[in-house]
Every structure is written in C-alpha cells, then in structure tokens.
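Here is a briefing on one protein chain. Look at the sequence and the fold first, then read the points below.

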Amino acid sequence: MFLGTHSPRLDEKGRIILPAKFREELANGLVLTRGQERCIYVFSQKEFERIHEQMRQAPLSSRQARDYMRVFLSGASDEVPDKQGRVTIPPALREYAGLGRELAVIGAGTRAEIWDAQAWNQYLEEQENSFSDTDEDAIPGIF
C-alpha cells in the first residue's frame, strides 16, 4: 500500500528518485500514466494489469468507457527503476502534469501519484476545506 507524501526533485534528465518506501513494490516494473486532476498515476505492474483487466470488462458500446481507456492507456509508459531507484518520466507525461523541478509524490493506496509540488499544495488546500464535510455516501464504511 502506498502512503504518505514525499518531496523528490526532477533531475535534468527527467528522472525522479522513487521514495524508499515505494521501491520494493515497484522494483520489478511500474506503469506511469495520465491521472485525473493533471497528476501522473504510478502503478505496480501487477496492479496495472488488474486495472486493465477491469477495463476490458466495460462494454465496447460505451462511448464513455472507450474515451476513458483511450486517454488512460495512450499515455501509459512501462518503466523499470534503476539500481538507485530512479525512474524516467516521459516528456509527454511531464508536460501533461505540468511538472517543474519540485514534486510531490503521494501515496494513494493502490497507486502513487506524482504532482508538481505547487499544484499539489493548491489542490490539497482546496480539498482540505471540504474534507470534514465528506459523508458516508462518498466513502461507505469509513464513518
């Protein structure tokens, strides 16, 4: 499970050093792809395969499902971290997420997310205001 917030930097070659807590789960390979809210989703290879299998269950006749899969899968890039735990973020994904040098890598349970640090701080500030208003309908069984 991916947890916490980490603050790596993007190097001049477009690489980040994965947080130490995430490396074991991602050591055998990972998939980077477009996330919602202009971040990059980071999945272990195994988790990405599970999600892809779920997507395959969607009816081909559903335009919304087709559109989502096209955006999600066309931006996907499978990567293997090097011995130092570095992974290259492809230029198209860096541009999509508006990544600068300062990043925020957050744990989101079954995935990690890579955000531009300023964008993450702004998003978090906006969402913290409504955090206490979340009811059981949004996340069943939590409250």
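**Briefing: loop, cores and helix pair**

Arg 38 sits in the loop between β3 and β4. Strands are DSSP runs of E with at least two residues, helices are runs of H or I with at least four, and both are numbered from the N terminus. The model is predicted: local features need pLDDT of at least 70, side-chain atom pairs count only at pLDDT 80 or more, and totals for chains, interfaces and linings use all residues. Residues are numbered from 1 along each chain as its sequence is written, and side-chain values use heavy atoms, with hydrogens and water left out.

**The loop between β3 and β4**

- Phi of Arg 38 is positive, near 60 degrees, and Arg 38 is not a glycine.
- Glu 37 lies in the loop between β3 and β4. Glu 37 also has a positive phi, of about 60 degrees, without being a glycine.
- Most residues other than glycine have a negative phi.
- Cys 39 belongs to the loop between β3 and β4. Cys 39 has a relative accessible area of 0%, so it counts as buried. Buried means under 20% relative accessible area, exposed means over 50%, and partly exposed lies in between (1.4 Å probe, protein chains only).
- Leaving out residues up to four places away in sequence, Cys 39 touches Thr 33, Arg 34, Tyr 96, Ala 97, Glu 113, Ile 114 and Trp 115. Contact means heavy atoms within 4.5 Å.

**Nonpolar cores**

- A nonpolar core is a set of buried Ala, Val, Leu, Ile, Met, Phe, Trp, Tyr and Cys residues joined through side-chain atoms within 4.5 Å.
- The largest such core has 20 residues. Ile 16, Leu 32, Ile 40, Ile 89, Leu 99 and Ile 114 have the most contacts inside it.
- Two or more residues of this core come from each of α1 (20-26), β3 (30-34), β4 (40-44), α4 (91-97), β7 (103-107) and β8 (112-116).
- Helix α4 gives the largest share, three residues.
- Leu 99 is in contact with Leu 10, Ile 40, Ile 89, Arg 94, Ile 114, Trp 115 and Asp 116, neighbours within four places in sequence aside.
- A second, separate core has 14 residues, among them Tyr 41, Phe 48, Ala 104 and Trp 115.
- In soluble globular proteins, nonpolar side chains tend to be buried together.

**Helices α2 and α3**

- Two packed helices are described by the angle between their axes and the distance between the axes.
- The axes of α2 (residues 45-56) and α3 (residues 63-74) come within 11 Å and cross at roughly 160 degrees. Therefore α2 is roughly antiparallel to α3.
- Axes are lines fitted to C-alpha atoms, for helices over the stretch in contact, and angles run from 0 to 180 degrees between N-to-C directions. Angles over 145 degrees count as roughly antiparallel, under 35 as roughly parallel, 65 to 115 as roughly perpendicular and the rest as oblique.
- From α2, the contact uses Phe 48, Ile 51, His 52 and Met 55; from α3, Tyr 68, Met 69, Phe 72 and Leu 73.
- These contact residues are seven nonpolar, one polar and no charged. Ala, Val, Leu, Ile, Met, Phe, Trp, Tyr, Cys and Pro count as nonpolar, Asp, Glu, Lys and Arg as charged, and the others, Gly among them, as polar.

- Phe 2 lies in the segment before β1 (5-6). Its relative accessibility is 4%, so Phe 2 counts as buried.
- Beyond neighbours within four places in sequence, Phe 2 contacts include Phe 22, Leu 26, Gly 107 and Ala 112.
- Gly 107 is in strand β7. Not counting residues up to four places away, Gly 107 touches Phe 2, Leu 3, Gly 4 and Phe 22.
- Pro 8 is in the loop between β1 and β2 (15-17). Pro 8 is buried because its relative accessible area is 13%.
- Pro 8 and Val 105 are 97 residues apart in sequence, yet 7.2 Å apart from C-alpha to C-alpha.
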